[in-house]
Amino acid sequence: MAKKKRTSPSASRKRLPKVPPANFRTTPDPKALAQNPDGARLASRRTYEIPDYRLEHPQFRIYMSGECANIEYRVEGDLSAAPPAIRESKYLSREQSIAIYRWMLLNRRMETALENLYKQGKVVGGVYFGLGQEGCSCASAYALGPDDWLGPMIRNQGAMLVRGFSARDIMRQYMAKADSPTFGRDASSHFGDWQRRNVCAPISMLGELIGVMAGICLGARLQGKNVVGLTYVGDGGQSTGVTYESLNFAAVQKLGLVLIVENNLWGYSTPSDMQFCVKDLAERAIAYGIPGVIVDGTDPCQVYDATHEACERARRGEGPTLIEAKMMRMKGHAIHDAAQYVPQKLFEYWRARDPIARFENYLVNQKKWLSAEGNHKLIEDVERELEADREAAVASPMPDPESDKEHQGVYCDDTCHKIRPKYGPVTAKLRETSAATRNEEASVHLK
Ligand SMILES: Cc1ncc(C[n+]2csc(CCOP(=O)(O)OP(=O)(O)O)c2C)c(N)n1
Ligand SMILES: [Mg+2]
């Protein structure tokens, strides 16, 4: 019997793109090697690079003092520096920059409207805010193409807007209205759209979304397409076990995951200085063998450029990238949390680094891409759009469990919809394994 041609492990390895991770350098500096008698030890030393695009490097730490009920946080370090400029983007045009600025404005105004709706007793459940993080949410989602996927978390309502949900959809969802994306079955930002907008609904268990997004990238790969799976995790959420497992899997499989670690200095009421021992969360990329970069999360140009480059890498099939976006959560965890534990000086420091005010100044005064009049008109336009959306959302009916037969189902059943491969039939072939090999493998395992 003719032997079947078996693919050797080295042959299948050769098919993978040979791209060393950008942050990994094995070649020692030859000059240093010649000068140092201990050359062999030096030769085995490895160095890593974490590009840092920020224009300032804040030097302060948060400490805890006091005991029991008198615990308080204090900041030590220099908080006097003037806010940095916006770093000019390598890629964004005038039109694209203005578009991102508009999304950021809409993001902020919508969250203010949601806060008011909550205070009027119209919201079912809590409200989560991305105040101070709008540049990160909007500019990162703006880097996605139509075939790419977004996996937003609670602070990324701006990303949902960029991906095509209207403020009306989001406000209806918070009020659990019958015509909301989940027909009143769920609240806050727990919704997605896998059919049209390629948005995977957020998962509350921190870090779990990363594995799901990696799975989406793997699914697309099996259908012959490399897509981007952009998702987010907080400084707190990054320490979960599932984050490690999922990112490691994505790294090994070279999946197009783009993970933005939103280091907003707080995980609920715990300051990030008390959550981890690495200096920068991007350093953790080294452990996965993938590139890690640091950006100022309040600078939309930096966020866009880093995300755009990570997306290009993902689409080339070269694997995931970890982007740490440094910024500050400018409100409590959610609307119920007044954030009284946050030192006021810290709020003042970051208020001066407001992403919208700085981007506005960049567009109007620095680049002169927007006239004062044009800016005024744009703001009025956003407010008008938002007001119309707010009115429509408030006027929407609540679901009626008796009459709403169409949407009774919470779970899918056979009559609900068909799940088909999105990009085409599965093209990947199973590795051929002969009976002899199977026996061999079995005996090895049974030894
Ligand atoms: C696995 C897991 N542990 C705990 C929680 C409860 N929880 C929800 S949000 C949160 C804080 C998250 O902080 P961070 O990851 O920094 O994100 P941020 O809220 O600052 O955006 C916690 C502890 C959870 N949802 N999932
Ligand atoms: Mg946080």
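A crossing of two helices is left-handed if the near helix is turned anticlockwise from the far one by less than a right angle, and right-handed if clockwise. In this predicted model, H4 passes H13 in a left-handed crossing, whereas H4 passes H7 in a right-handed one. The crossing of H8 and H9 is left-handed.

**H4 and H13**

- Helix H13 covers residues 355-366, and its axis lies 10 Å from that of H4, at an angle of about 150°.
- Angles over 145 degrees count as roughly antiparallel, so H4 is roughly antiparallel to H13.
- On the H4 side, the contact is formed by Ser97, Ile98, Ile100, Tyr101, Met104, Leu105 and Arg108.
- These H4 residues meet Pro355, Ile356, Phe359, Glu360 and Leu363 of H13.
- By class, the contact of H4 with H13 holds nine nonpolar residues, one polar residue and two charged residues.

**H4 and H7**

- H4 spans residues 94-119 and H7 spans residues 167-174; the two pack at an angle of about 25°, and their axes are 11 Å apart.
- Angles under 35 degrees count as roughly parallel, and H4 and H7 are therefore roughly parallel to each other.
- H4 contributes Met110, Ala113, Leu114 and Leu117 to this contact, while H7 contributes Ala167, Ile170, Met171 and Tyr174.
- The contact of H4 with H7 has eight nonpolar residues, with no polar and no charged ones.

**H8 and H9**

- Helix H8 (residues 208-222) packs against helix H9 (residues 241-252) at an angle of about 20°, with 7 Å between their axes.
- That angle makes H8 roughly parallel to H9.
- From H8, the residues in contact are Glu208, Ile210, Gly211, Ala214 and Leu218.
- Their partners in H9 are Val242, Thr243, Ser246, Leu247, Phe249 and Ala250.
- The residues of the contact of H8 with H9 comprise seven nonpolar, three polar and one charged.

**Ligand 1**

- Asn264 places a polar side-chain atom 2.8 Å from an oxygen atom of ligand 1.
- For Trp266, a backbone N or O atom lies 2.8 Å from an oxygen atom of ligand 1.
- An N or O atom in the side chain of Asp235 is 3.1 Å from an oxygen atom of ligand 1.

Terms used:
Residues are numbered from 1 along each chain as its sequence is written. Chains are lettered from A and ligands numbered from 1 in the order in which they are written. This is a predicted model: local features need pLDDT of at least 70, side-chain atom pairs count only at pLDDT 80 or more; totals for chains, interfaces and linings use all residues. Side-chain values use heavy atoms; hydrogens and water are left out. Axes are lines fitted to C-alpha atoms, for helices over the stretch in contact, and angles run from 0 to 180 degrees between N-to-C directions. Helices (H or I, at least four residues) and strands (E, at least two) are DSSP runs, numbered from the N terminus. Angles under 35 degrees count as roughly parallel, over 145 as roughly antiparallel, 65 to 115 as roughly perpendicular and the rest as oblique. Contact means heavy atoms within 4.5 Å. Ala, Val, Leu, Ile, Met, Phe, Trp, Tyr, Cys and Pro count as nonpolar, Asp, Glu, Lys and Arg as charged, and the others, Gly among them, as polar. A polar contact is a pair of N or O atoms within 3.5 Å; within protein, one must be able to donate a hydrogen and the other to accept it, and residues adjacent in sequence count only if both atoms are side-chain atoms.
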